[in-house]
Amino acid sequence: MPPDHEGDDTKTIVSTPLPTRGEIDFRMIELMFFAYREFTADADSILETYGFGRAHHRILHFVNRSPGMTIADILDLLQITKQSLSRVLRQLVDGGFVRVMPGAEDKRQRRLYPTERGRKLALDLSHAQVRRIDQALAAATQGPYVSVTEFLRQMGNDRRSTREWFERQGIEEDGVNERG
């Protein structure tokens with residue numbers, strides 16, 4: 001529960017924006033937000049054709065990176081509940097992307113393996129995302145180093161509205177990382 005405040009601060013509106021560089025420097029926060037949005041959008045558009053979402057992507061990714069991982073492994077790694085895994089995993093199994101098999105030593109264990117179909121989808125998703133990363137790295141490389149801020153800006157600047165936001169908020173090309 002939030003701390004008690006003197007007076008009622010729920011009725012007073014605030015009309016001044018938080019400054020880009022004030023008590024908190026919002027530039028990196030916003031660069032991360034937009035970079036993540038575009039990074040996930042590349043895979044989201046592919047996933048949508050299957051009726052899948054990001055949870056499906058995460059499970060496919062890690063099952064392909066470690067075939068034979070247990071249900072307990074994926075629950076621990078992704079920090080999700082059995083209930084949230086159950087629905088998504090069932091869809092992946094029913095769609096022929098993942099197989100659940102008993103463990104060799106302990107038959108009670110349930111191990112996850114990608115099928116060829118699951119491997120292909122995981123690679124398609126990764127190719128889409130690595131293209132964006134490669135393009136952003138190429139654009140952000142200046143001499144012998146890569147500017148992290150420029151990399152994030154390149155990752156997230158696909159939309160005109162985002163570029164305009166960056167300009168209005170003073171988050172220009174390499175504007176986050178002042179170098180001496």
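Student: Where does Q79 lie?
Tutor: Q79 sits in the loop between α3 (71-78) and α4 (82-94). Helices here are DSSP runs of H or I with at least four residues, strands are runs of E with at least two, and both are numbered from the N terminus. Keep in mind that this is a predicted model, where local features need pLDDT of at least 70, side-chain atom pairs count only at pLDDT 80 or more, and totals for chains, interfaces and linings use all residues. Residues are numbered from 1 along each chain as its sequence is written, and side-chain values use heavy atoms, with hydrogens and water left out.

Student: OK, and is Q79 buried or exposed?
Tutor: Q79 counts as exposed, because its relative accessibility is 64%. Buried means under 20% relative accessible area, exposed means over 50%, and partly exposed is in between (1.4 Å probe, protein chains only).

Student: What about the phi of Q79?
Tutor: Q79 has a positive phi of about 55 degrees, although it is not a glycine. Most residues other than glycine have a negative phi.

Student: And which residue with a positive phi follows α4?
Tutor: That one is G96, with a phi near 80 degrees.

Student: Let's do α4 itself. How many residues does it have, and how far does it reach?
Tutor: α4 has 13 residues and reaches 18 Å from its first C-alpha to its last, close to the 18 Å expected at 1.5 Å a residue. The expected span is 1.5 Å times one less than the number of residues.

Student: Which residues of α4 are buried?
Tutor: L85, V88, L89 and L92 are buried in α4. What covers the buried residues of α4 includes α2, α3, β2 (98-102) and β3 (110-114). Contact here means heavy atoms within 4.5 Å.

Student: You mentioned α2. How do α2 and α4 pack?
Tutor: They pack at an angle of about 70 degrees, with their axes 10 Å apart. The axes are lines fitted to C-alpha atoms, for helices over the stretch in contact, and angles run from 0 to 180 degrees between N-to-C directions. That makes α2 roughly perpendicular to α4. For the cut-offs, under 35 degrees counts as roughly parallel, over 145 as roughly antiparallel, 65 to 115 as roughly perpendicular, and the rest as oblique.

Student: Which residues meet there?
Tutor: From α2 you have A55, H56, I59 and L60, and they meet L85, R87, V88, Q91 and L92 in α4.

Student: Now the core. Which residues touch the most other members of the largest nonpolar core?
Tutor: Of its 20 residues, I59, I74, L85, L92, F97, V98 and L112 do. A nonpolar core is a set of buried Ala, Val, Leu, Ile, Met, Phe, Trp, Tyr and Cys residues joined through side-chain atoms within 4.5 Å. α1 (27-48), α2, α3, α4 and α5 (116-140) each supply at least two residues of this core. There is also a second, separate core of 10 residues, including L31, A136, A140 and F166.

Student: What is V98 in contact with?
Tutor: Leaving aside neighbours within four places in sequence, V98 is in contact with L60, L89, L92, V93, L112, Y113, P114 and T115.

Student: Last topic: α6. Why is α6 called largely enclosed?
Tutor: Because 7 of its 9 residues are buried, α6 is largely enclosed by the rest of the structure. One of the buried residues is L152, with a relative accessible area of 9%.

Student: What does L152 touch?
Tutor: Not counting residues up to four places away in sequence, L152 touches M28, L31, M32 and A35. M32 lies in helix α1 and counts as partly exposed at 48% relative accessibility. M32 and L152 are 120 residues apart in sequence, yet 6.3 Å apart in space, C-alpha to C-alpha.
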